[in-house]
Amino acid sequence: MGFMKNFIKVVMALFICANISSSLFAISSKEEASAPKKSSWDLWLEKHRINYDENKVICGTIPDPLVNVHNGFKADNALDWLEKVRPSIVEEVEKLYSPRPPRPSSMRFEVVESGEAFGGKAIRKQIRIYVKGDTEKELSFGVLMYVPKEAKSVSPVFINMNYYGNHTIIADPKILTTQFWIRDGVVGNCEIKNSTPPDDIRGIRASRHPVERLLDSGFAYLTFCYCEVFPDTSDVSINSNNISKIFSDTAYPYKRSAISIWSWAISRVMDYIESDSLLDKSRVAVVGHSRHGKTALLTGALDTRFAMAISNGSGSMGAKLSRRNYGENISSISDKYGYWFSDELKKYAFAEDKMPIDQHQLLALMAPRPVYVESAKADRWADPKGQLTALVAANPVYELFGAKELPTMANETVPFCGNTGYHIREGRHDLTYEDWEYFIKFAKKHFGTAQ
Ligand code: GCU
């Protein structure tokens, strides 16, 4: 009897529990149903702890750009900085981006087309740059160049890579279409796929390449498509016919990371510039937007033949201070774009304060050559404030070289055109004609009147 009583009690207790938990479950699933569902993008941002709240920014002490990263020596003059501090920063930069490939063992330039353009005010040249390393292979990429025809002497140059092919930069029907892998993308209303016929996208990117305006201001303009040199994807096999293949692992024993290789290719264009009597090799500005902005800064830092570097919306691992936890961070960039960098970078996910250098030191590697940083107000991902903070933090190095016109944080709202330069404009992440007007002004200030 006692056993039966207890048995009934247990069954009843189980029944009650089951009811309570199922009604609890019902409540919580009702709540879940009413809470807005997080998109996979939101979850991704959460996973990488992306912060967009200025009140939650914690920016630890940034390294002193006057100090040798390895032995603590502090320079108090320009020569000491160049000889005893700069190399230590270069070493750390190379650890993060992977060293660039070595110089080619041989190169040749072939002018495959040339003619007049823009109603006769410019000369267009299309050059193939052929390069060899230590393997049997020879690889090449196509450079498009416009130069003012009536220039009284050699022209200063802007060099800017393009995203979808030379034929997309303006609607000049003479521009050769090169067939190579291009990444999917959207330009305006046009969805671009690798399979898109080149003629369908001729001139589609003209808003980023104001060639005629640059020619009228006396500048030559050179461009090539970065994907012809190294594909912009983690699956490099998508176009294994890339420049990294001309080097064996013995000649180039490092990770073949995209930004480094694009940067190396820009230096090959500089080799060409040195050989062209229409161009002034001492007045070459390397410009780039976004991932190309990161590449432009790396190029100017590692190849001192470039007289100026201009970063447009380069953000994380470009002009933005990594230690400022606002917008893109090391965790997210190395997760999604790990193939742009060396594997070393991943180590600093959520540990930016442990990085031996920060991006102001990359900017400082341009000194005393002028460097320019652009931000757009709606481009929170690139952290406009973090970009200006880095530029201002590079000031002490420029000061060693006697620079007097340097930016302050007051330039958060006021454009600045001095020894270094900065502006922030309305709008989103893009390279616009408005940005180019600032770049032309800055280049004219440093390169003199172009013509
Ligand atoms: C992504 C990436 C940025 C990069 C940008 C671009 O947004 O996270 O770091 O600058 O692409 O190159 O357009």
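How many cavities of 30 Å³ or more does the count come to? The count comes to one. This is a predicted model. The report below starts with that cavity, then turns to the pockets and the ligand.

## The cavity

The largest cavity holds about 60 Å³ of space. Its lining includes a run of neighbours in the numbering: Asn160, Met161, Asn162 and Tyr163. Arg205, Arg208 and His209 also line the cavity. So do His289, His292 and Leu431.

Sorted by class, the lining of this cavity has three nonpolar, five polar and two charged residues.

## The largest pocket

About 710 Å³ of space lies in the largest pocket. Its lining is made of 37 residues. Nearest the centre are Arg183, His289, Ser290, Arg291 and His429.

By class, the lining has 14 nonpolar, 11 polar and 12 charged residues.

## The ligand

Where does the ligand sit? The ligand sits in the largest pocket. The residues around the ligand are Ser290, Arg291, Lys294, Glu328, Ile333, Tyr337, Trp340, Trp381 and His429. This shell has four nonpolar, two polar and three charged residues.

Now look at the ligand's oxygen atoms. One oxygen atom is 2.5 Å from an N or O atom in the side chain of Arg291. A polar side-chain atom of Ser290 lies 2.7 Å from an oxygen atom of the ligand. For His429, an N or O atom of the side chain is 3.5 Å from a ligand oxygen. On its own, the ligand has 320 Å² of accessible area, and the protein covers 84% of it.

## The second largest pocket

The second largest pocket has a volume of about 240 Å³. It is lined by 13 residues. Ile58, Arg323, Asn325, Phe350 and Glu352 are the closest to its centre.

What is the make-up of this lining by class? It has three nonpolar, five polar and five charged residues.

Notes: Residues numbered from 1 in each chain as written. Predicted model: local features only at pLDDT ≥ 70, side-chain atom pairs only at ≥ 80, totals over all residues. Heavy atoms only, no water. Near = heavy atom within 4 Å. Polar contact = N/O pair within 3.5 Å; in protein donor to acceptor, adjacent residues only side chain to side chain. Areas by Shrake-Rupley, 256 points an atom, 1.4 Å probe, with all protein chains shown as cover. 1 Å grid on protein atoms, 1.4 Å probe; cavity = no way out; pocket = protein on both sides within 12 Å on 5 of 7 lines; lining within 4 Å. Sits in = over half its atoms within 2 Å of the grid points. Nonpolar A, V, L, I, M, F, W, Y, C, P; charged D, E, K, R; others polar. Points joined across faces, edges and corners; volume = space filled by probe spheres on them.
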